[in-house]
Amino acid sequence: MAKVLVYSELNKGNVKPVTLEILGKLNGQDAEVAIIGDVSDEQVKVLGEYGANKIHKLKGDKLDKYSPEGYANALHNFIKDGSYDYVLAGATSAGKDFLPRLATKFEAGLASDCTNFIFEGDTFHGTRPLFAGKCLAKVDLQGPKPHFATVRPNALGMPETKNAGAGEASDASADAGDIKAIIKEIVASASEKVDLTEANIIISGGRAMKNPENFKILDECASVIGATVGASRAAVDSGFAPPSMQVGQTGKTVSPSLYIACGISGAIQHLAGMRTSKVIVAINTDPDAPIFTKADYGIVGDLYKIVPILTEEFKKILG
Amino acid sequence: MNFELSIEQKEMKDMAMKFSRNELIPVAQKYDEEGTFPMEEFKKAWELGLVNTCIPAEYGGAGFSETDAVMIGETLAYGCMGINTSFMANDLALLPIKIAGTHEQKEKFLKPFTEEFKIASFCLTEPGNGSDAAGIKTSIKDGGDHWIINGEKMWITNAGYADQFVVYGTIDPTLKHKGISAVVVPGGTEGIILGKKEDKMGHRSSDTRGIRFENVKVPKENMLGAPGEGWLIAMKTLDYSRPLVASAALGGAQRALDESVKYAKERKQFGVEIAKHQAIQFMIADMSMKVEASRLLVYKAAWLVDEGQRNTEIASYAKAFASDSCMQITTDAVQLFGGYGYSKEYPVEKLMRDAKLIQIYEGTSQIQRLVIAREVLKK
Amino acid sequence: MNIFVCVKQVPDTETKVQPNGDGTFIETNAIKWIMNPYDEFAVEQALLVKAANAGSTVTVLRVGGVKDTEALRTAMAMGADEAILVEAEDNLDSYSIAKALKGAIEKSGKNPDLILCGKQAIDDDCLQVPQVLAEMISLPSVAVIVGFEQNGESVTVKREIEGGALEVYELNTPCILATNKGINTPRYASLPGIMKAKRKPLQQLSLADVGVEAGDRRVVYSNFQLPPEKPAGKKFDATDEANEASVVAEVVGLLRNEAKVI
């Protein structure tokens with residue numbers, strides 16, 4: 001049995017779902033969770049239900065705000081005495097940012113952005129997409145322990161059966177050490193939506209959007225189904241949408257359960273960024289657009305007519 | 001023998017292609033529809049050294065070879081044959097100065113084009129004289145310390161925006177081609193009267209119009225070569241300019257081929273991609289062959305210039321073959337796209353309209369054949 | 001300022017990737033290599049910083065295969081002053097690459113004031129090297145930056161996080177910054193720039209020269225394969241106004257009852 005620490009993040013007080021996805025996959029291993037800051041008893045209970053034997057609440061100065069150095073130092077000090085074999089985390093903004101630093105403190109390797117993993121005995125074997133998902137490869141780690149891996153949100157899926165752990169919570173004092181890059185402020189995004197990389201539903205617009213204003217019809221649909229709005233590179237490069245919305249090889253790689261592509265022809269580099277979506281719906285006037293080869297449900301038609309009807313239909317079943 | 005581009009040439013081609021894809025292809029349709037001048041793209045291309053490729057290093061240019069120039073021309077025409085015509089017209093109007101200008105004239109008329117963005121225009125054709133260029137009627141009269149130009153020119157590219165013209169006229173029409181002379185006329189000189197912009201079938205963004213010279217006075221030192229040497233200068237210019245014009249046809253043909261291949265792999269009929277149908281494969285094979293054959297001719301015509309060898313015959317091969325092939329390939333591309341090809345929603349109908357002009361300007365395909373026959377028969 | 005930019009050479013985004021015979025990597029024979037797109041932003045930022053700080057030099061570093069040196073030549077054609085190439089296989093892992101970069105910086109004999117990298121390479125998509133390098137040479141770092149302002153030795157950068165929100169960091173040079181799309185618009189390499197790049201110094205080193213050994217590899221890839229193809233989906237024609245509504249209703253029904261995603 002491997003001893004595995006899962007680093008977990010909170011979103012508005014709740015444990016991010018990717019932590020539970022990871023715990024679900026750790027059935028048979030000795031799983032513990034580390035969280036920086038405080039966490040409610042209710043969330044501790046949830047972590048226990050999903051298999052965490054221990055929940056460590058790391059508390060200390062200068063940890064109220066994220067910083068790559070502070071978080072890496074705090075976890076380094078905690079982990080180094082814990083004889084962990086593996087440290088796993090969600091491939092979130094923060095996870096992707098500070099885990100490489102943390103791993104390097106142990107001169108250890110990190111398998112980034114795994115979409116699946118198994119344990120053979122005590123040994124971790126990951127699977128991860130490369131070339132933005134145009135290829136998959138097996139990923140193994142070697143060298144000093146613990147070994148590190150980040151796991152892509154939504155990729156594993158929620159475990160179907162829970163495998164309860166002891167769920168004991170305790171505080172641990174943590175030292176953020178010397179922080180040279182300090183956050184002055186956080187500028188909230190105009191939208192309150194979930195990030196594309198973590199979104200469960202995405203509705204994206206392509207070149208056919210023609211201008212930024214037309215994205216409104218996607219926004220309206222998105223607000224009905226709780227989706228995040230994305231864009232193709234063509235739409236971003238034409239100035240219809242900001243780069244932060246770009247899905248594809250030079251944008252964000254996403255794997256939501258539902259991806260709705262509107263007026264996106266499906267250039268190879270866009271397909272690479274969204275092909276792992278569980279269900280893909282494509283709306284395009286061109287019946288031969290490559291996007292239809294990847295779509296589970298293709299609608300040949302004008303997005304300006306189809307999307308408003310779609311929004312109304314969603315309202316009917318969800319409202 | 002070596003058919004490989006050098007590492008630097010490959011990089012230049014990559015860079016030019018990036019420019020074509022990012023800056024020209026996205027706006028080509030808009031300019032075509034509006035028939036407006038691509039000033040912004042022209043300036044960007046100038047900043048990156050993509051225009052005025054004929055200017056030698058000693059006058060501030062990059063010192064490109066003719067092979068470099070056709071490679072760049074091909075790649076820009078790939079993005080838009082029409083926009084490329086505006087760019088290329090600068091070179092056509094600077095070449096006579098490069099070929100026949102004195103050091104002082106090059107300093108005065110070439111160098112400024114490397115220092116700031118300027119537009120040049122070449123004025124040869126007249127309403128009554130197209131292919132029969134030796135019959136031009138525009139007069140260049142000796143006014144003592146200056147020349148006086150009177151006459152009318154037609155189909156003049158970049159005329160509406162030019163900072164500098166090279167004007168061909170005759171000092172004495174009875175001398176026929178031995179009277180023809182070339183002078184450099186600064187834009188804005190008194191007596192230059194612009195006609196209205198032509199509403200054309202293709203190359204709609206390029207500014208083409210008639211222009212009238214009414215008692216236009218230019219200093220004596222603005223004449224290229226001696227009086228009466230204009231014909232010789234024009235003929236030498238053609239050796240440089242024909243490969244360049246042919247390269248534009250090559251770029252357009254390559255684009256039509258690429259669009260066709262892409263479409264043939266996407267479009268399905270009878271349950272399979274149309275690329276799997278033999279009728280389409282034959283079209284693609286013919287297009288592809290002609291593109292490569294054009295390329296070999298265009299590059300050979302340019303290479304001969306770089307080698308200092310006479311290229312008149314091969315340059316005419318290149319101009320005639322590449323432009324005729326471009327017409328055929330773009331027409332086939334429209335055919336291959338079917339109904340979509342005829343629609344402005346797809347890029348190929350514009351390619352077909354643009355292709356036509358290249359068979360006409362800078363010596364029609366028929367004139368090229370006359371040149372070729374003369375060259376072949378005199379051997 | 002001594003500015004370093006780390007670039008990687010990656011297959012063009014249009015490349016159709018094929019696993020190689022033994023599944024240890026991809027087929028690289030026919031690949032068109034380009035500079036990693038995120039690294040173009042790093043090169044541009046380096047050139048902007050150089051322009052704002054008289055007397056600065058931009059050194060561009062790359063670890064990877066030498067069959068083609070496109071990325072370094074492009075960076076120099078854009079305006080970087082010199083380049084160091086560490087010859088290595090194209091599928092080196094992040095840890096080894098970072099260690100090689102550290103060694104190359106030491107070999108350059110210059111103390112870095114600013115090191116810029118793209119936020120990730122679009123081949124292995126790891127997002128590791130800037131942070132690993134930062135840890136190895138004990139410098140502060142901020143990754144995924146979309147905004148940059150310099151005020152003497154202090155820089156203020158904006159890091160993009162979930163949902164497009166921004167963390168604003170203040171830190172001093174020397175530091176490592178990893179750029180994201182949106183920070184600037186990379187310039188084209190001008191044609192004269194390409195001609196000039198020929199004459200700029202390019203130093204070539206081996207992994208041994210920069211102190212990297214086989215034992216430094218931490219991540220091993222195997223079994224490269226194409227992702228499973230999806231079975232063909234269902235396609236509906238809604239080009240006729242009369243059936244738009246019924247098609248959409250049917251698809252929504254399928255999403256709810258068949259795919260169960262709504």
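In the predicted model, the contact between chain C and chain A takes 72 residues from chain C and 76 residues from chain A. On the chain C side, the elements that give two or more residues are helices α4 (129-136) and α6 (241-257), together with strands β7 (141-151), β9 (166-172), β12 (219-225) and β13 (234-237). Helix α6(C) provides the largest share, 10 residues. By class, this side of chain C has 40 nonpolar, 13 polar and 19 charged residues.

Strand pairing also links the two chains. Strand β10 (residues 135-141) of chain A pairs with β12(C) in the antiparallel sense, over five bridges. Within this pairing, Val139(A) has Tyr221(C) of β12(C) as its bridge partner.

Chain C also touches chain B. In this case 10 residues of chain C are in contact with 10 residues of chain B. Two elements of chain C, α2 (70-78) and α5 (191-197), each give two or more residues to the side that touches chain B. The largest share, four residues, comes from α5(C). The residues on this side of chain C comprise seven nonpolar, one polar and two charged.

Chain C itself contains six helices and 13 strands. Its C-alpha trace spans about 70 × 45 × 40 Å along the principal axes. The chain is divided into domain 1 (2-216) and domain 2 (230-262), and the C-alpha centres of these two domains of chain C lie 45 Å apart. Of the 262 residues in chain C, 53% are buried. Among the contacts in chain C that join residues at least 6 apart in sequence, 72% are between residues at least 24 apart.

Phe41(C) is located in helix α1 (residues 37-52) of chain C. This residue is classed as buried because 25 other C-beta atoms lie within 10 Å, and a residue counts as buried at 20 or more. Apart from neighbours within four places in sequence, the contacts of Phe41(C) are Gly118(C), Thr179(C), Asn180(C), Lys181(C), Ile183(C), Asn184(C) and Pro186(C). Gly152(C) is 111 residues from Phe41(C) along the chain, and the C-alpha atoms of the two are separated by 21 Å.

Definitions and conventions
Residues numbered from 1 in each chain as written. Chains lettered and ligands numbered in written order. Predicted model: local features only at pLDDT ≥ 70, side-chain atom pairs only at ≥ 80, totals over all residues. Contact = placed C-beta atoms within 7 Å. Nonpolar A, V, L, I, M, F, W, Y, C, P; charged D, E, K, R; others polar. Domains from an automatic or database assignment. Buried ≥ 20, exposed ≤ 12 C-beta atoms within 10 Å, placed from the backbone. Pairing = 2+ DSSP bridges.
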